[in-house]
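Hi everyone, thanks for making time.

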Amino acid sequence: MMKKKSVSARKASLVLFLCQMISALDVPLDSKLLEELSQPPTITQQSPKDYIVDPRENIVIQCEAKGKPPPSFSWTRNGTHFDIDKDAQVTMKPNSGTLVINIMNGGKAEAYEGVYQCTARNERGAAISNNIVIRPSRSPLWTKEKLEPNHVREGDSLVLHCRPPVGLPPPIIFWMDNAFQRLPQSERVSQGLNGDLYFSNVQPEDTREDYICYARFNHTQTIQQKQPISVKVFSTKPVTERQPVLLTPTGSTSTKVELRGNVLLLECIAAGLPTPVIRWIKEGGELPANRTFFENFKKTLKIIDVSEADSGNYKCIARNRLGSAHHVISVTVKAAPYWITAPRNLVLSPGEDGTLICRANGNPKPNISWLANGVPIAIAPEDPSRKVDGDTIIFSHVQERSSSVYQCNASNEYGYLLANAFVNVLAEPPRILTPANKLYQVIADSPALLDCAYFGSPKPEIEWFKGVKGSILRGNEYVFHDNGTLEIPVAQKDSTGTYTCVARNELGKIQNEVHLEVKDPTMIIKQPEYKVIQRYGQVSFECVIKHDSTLLPTIIWLKDNDELPDDERFLVGKDNLTIMNVTDKDDGTYTCIVNTTLDSVSASAVLTVVAAPPTPAIIYARPNPPFDLELTGQLERSVELSWIPGDENNSPITNFVIEYEDGLHEPGVWHYQTEVPGTQTTVQLKLSPYVNYSFRVIAVNEIGRSQPSEPSEQYLTKSANPDENPSNVQGIGSEPDNLVITWESLKGFQSNGPGLQYKVSWRQKDVDDEWTSVIVANVSKYIVSGTPTFVPYEIKVQALNDLGYAPEPSEVIGHSGEDLPMVAPGNVQVHVINSTLAKVHWDTVPLKTVRGHLQGYKVYYWKVQSLSIRSRRHVEKKILTFRGNKTFGMLPGLEPYSSYKLNVRVVNGKGEGPASPDKVFKTPEGVPSSPSFLRITNPTLDSLTLEWGSPTHPNGVLTSYILKFQPINNTHELGPLVEIRIPANESSLILKNLNYSTRYKFYFNAQTSVGSGSQITEEAITIMDEAGILHPAVGAGKAMASRQVDIATQGWFIGLMCAVALLILILLIVCFIRRNKGGKYPVKEKEDAHADPEIQPMKEDDGTFGEYSDAEDHKPLKKGSRTPSDRTVKKEDSDDSLVDYGEGVNGQFNEDGSFIGQYSGKKEKEPAEGNESSEAPSPVNAMNSFV
């Protein structure tokens, strides 16, 4: 008796289902099989039932289906056949049922409104789509209305109605202001579900004229705007508080119907002052957890995915400190039809039975109706094998002609469901889908699963045989699965072999062979063992394995079930793990894991690290040299060297360095050969032929290197052909008619035998076919004479010795000698960019005239003369080199307003070619340098004399000089800035009408037509009117002595002073007499009443005269208003013209250029250097302000 059991999901991973079927037949998803089996149509893609389209775009109504043979498509519109061939605007996509209605090319979407249904049909039946209702979206304009301003008393409620136009689909409503900013919402002000804006109570800040309601129609990407609404809030004192009143919904109760699965939204908005708080409850129950949300400041209750259990009474309560109001909403949840059991495709064999079940629920309960191939089943062609029983169709003894597509329609007043399910009756001979001769490999004593995926109708019977002519497999040692898989629960070595699967039904028979190999298990025959090691010691774990010879194992070591630390102390060998210089952190569990493609084994051991016992002070030193060097396994090209390490002297040996001596070619010279880790004491060394080898070993630890060991015995290797050819082969001519071939010679041990020579070969590239060769010895250079100038040669150098030649060498390209270029660059052009920069262009020379490697171009250029100073000087040529095959270059650092010459030459490895004809170009004017000097001499009470020198580099034609100056007071603050333009031919100027005893700062620069150059600054002081006092002028050389006469020595002055003294004495006597008489001298009162501005006392706080202490006229200068430290004047601080200092007319100059315009009280355009006075000072004011 064959034992069967259900296959697990893992074991049946290769068997997939075409769809869910109620049948004994399973159709695997095999692409080749599916292409061959007939199948009724199945709708795979369709447009939604309610399809709103954009009227500006083409309408695409989707209908896709599959079937074998491929189905054809037809459409109905509003219940009648839709002939798309008669409408030029309608097309159907190729190999598809999808309709495209061309609206963008003249059609109107409104003309195609209606109900559409698609039918997909082939010889086995017809499937139909849902009824697809096509409606174009609409975004109508707002109806015009006259909106009166809303005048509302503070504290009252207010509702601003939006009343958007009816669109399809309905628009999204939001409120914004004129600046397109959303209006802020809160518990007091919020938008309702209908789009209206509700104010529980208005406040004065609600007054505005731009409450605007916007309606956004997403389908057409348009936004409509309502006229702005004005709200004006007027205040009354006191503001009356009010208890809550519901603004929406109205009344005490209302009803709400919602469909199952939708979102239930309930809203309560209340008026009142203070603003009411909203709370929601469900009478006789709790609000559903995880599906309840509160929105709009708890004014909206939202319940998602509602069901019939959510029906009931929901109460909202609005409360403030004056009272409360409530409203009850009775919610009824109805349901459009929904599936309990949707009909599923049915695949049957001839003569079999089956059922289609269609069960749906809804509120109210839906009506179930059946269709066959899109036709109500009552009027469809009769089928004796079919019987309809309410929501079930029963099939008995079906035949191939029973194949059809059935539609189940479940509908109530809230909607409908439509499902297609086909009945496919197939008569197919057996097919085996598992690939032939598939190989299965398993480990001995584990299960083996041999697949035999099959298909046939009626369902085939499966039998298994071992070997080509073996008997049928039976018995408890095998398990036969329903999907055809043969399971051998415990495979043994003798289970290896060929197995045959046979599938048969009444229509035929087929068989397939698969192969099974049973492998030996992988085993760890020497496992790692528990180790206790002292700190800083060395430990090894072994992991020796045995495995099937046909499997390739990999060994992985883990520490505490994680990867080994990335530390060079951990050395993983073929069958061991070694840890050097053990530390406390190495403590843990070490696991060896061995993996093959079929199995995996592991073993673990624990390492415990303990402290080392106290020891005397350790002396660390270099290791002792290794000894007992031995050569074994001598071959022509290799030998094995072994040694015994010397004492490591308390510092572990980290590596060994192996050196060799070639006693044949370089006796006494030791060369580096290789190095190995400190745990290794043997090494396989690669050798070269014809070398008399001796070896020595050096041990290395952290302290240093040991002395070399004693040399090993000598080993002379046999001679052989050279293995390699000379390197760095080059061909470079030293003269125009030769080619010098050079190479790096082989070293002695590279010769591989006696009689080392070199075969030098050359031929002209692309010209000669045959090579010219010569054999030389003991040289690394060969000169080929009589070559053409600079032509390419192919070159190769091959080593040979008495035993033969080295391998064929690679070819290199060289060139014969170069010669000077033959021609100069042509068409040299110069483009002057600015006064200091020019761009030069030239044409490249033909490469054949370069006669060498083109290195670039050199531009020689030199200044011929300055256009502003007619003087010649020594010509200094400058050179710029431009690498490569360039055709232009930039010439920087030119002097403005000068005449230049240049020429261009091509350069190769030999040198420069002839120069191009000299090209003359001129640079434009630039700004001049600063004047060469500025001297200030001859200071007087009101004048200074300025002398200057022309700029060293005019860089053009001087047009004028600019002089700016300003006074400096005792606190080093700057006064108003005056600017004077001086003709270019002047070299001195007398400044008049200056203030006496005043320091001035001068800024002086030259100008060309391009602009102003850098300036030079100086300071100087006018002299005082007192005798013998003179301040030196800064930068003016020696101070000049006063030219005034000392009036104190004049006789008329002495007489005048005596008369004044006598008059004062008489006045004092008169005053004394009148006082003794009791009288009062009225002078004091008069002086107080009529103060003479010329004799007002000075204020103590600022030292200015009383009359000129007006705060507006004499504010102190701001800090930081001095001239910058670089002694220059900012441009924006020096824009005042002379007109600003005259009395409505231009200032004038004397013949010598001195300024004679008078200061006046006219307002300045801008204060100079931070002076905040709004009035230009008179000479007296200037003295008071800056002395």
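Let me start with a question: are F174 and Y214 buried or exposed? Both F174 and Y214 are buried, where buried means under 20% relative accessible area, exposed means over 50%, and partly exposed is in between, with a 1.4 Å probe and protein chains only.

Quick housekeeping. This is a predicted model, where local features need pLDDT of at least 70 and side-chain atom pairs count only at pLDDT 80 or more, while totals for chains, interfaces and linings use all residues. Residues are numbered from 1 along each chain as its sequence is written, and side-chain values use heavy atoms, with hydrogens and water left out.

Okay, aromatics. The structure holds 21 aromatic pairs; rings of Phe, Tyr and Trp (its six-membered ring) pair if their centres lie within 6.5 Å, and planes under 30 degrees apart count as stacked, over 60 as edge-to-face and the rest as tilted. Our friends F174 and Y214 make a stacked pair, 5.7 Å centre to centre with 5° between the planes. That pair links distant parts of the chain, since F174 is in strand β14 (residues 172-176) and Y214 in strand β17 (residues 208-217), 40 residues apart. Strands here are DSSP runs (E, at least two residues), numbered from the N terminus.

Next up, Y961 and F1004. Their ring centres are 5.3 Å apart and their planes at 15°, so this pair is stacked. It also links distant parts of the chain: Y961 is in strand β81 (residues 960-968) and F1004 in strand β84 (residues 999-1007), 43 residues apart. Y961 counts as buried because its relative accessibility is 1%, and F1004 is buried too, at 0%.

Now over to S638, in strand β58 (residues 638-644). With 14% relative accessibility, S638 counts as buried. Skipping neighbours within four places in sequence, S638 is in contact (heavy atoms within 4.5 Å) with G633, Q684, L685 and L687.

Last stop, the largest pocket. What lines it? There are 26 lining residues, and Y536, M580, N581, S651 and P652 lie nearest the centre. On a 1 Å grid over the protein atoms alone, a pocket is an open set of points where a 1.4 Å probe fits, with protein on both sides within 12 Å along at least five of seven lines; lining residues have an atom within 4 Å of a point.

How values were computed: Helices (H or I, at least four residues) and strands (E, at least two) are DSSP runs, numbered from the N terminus.
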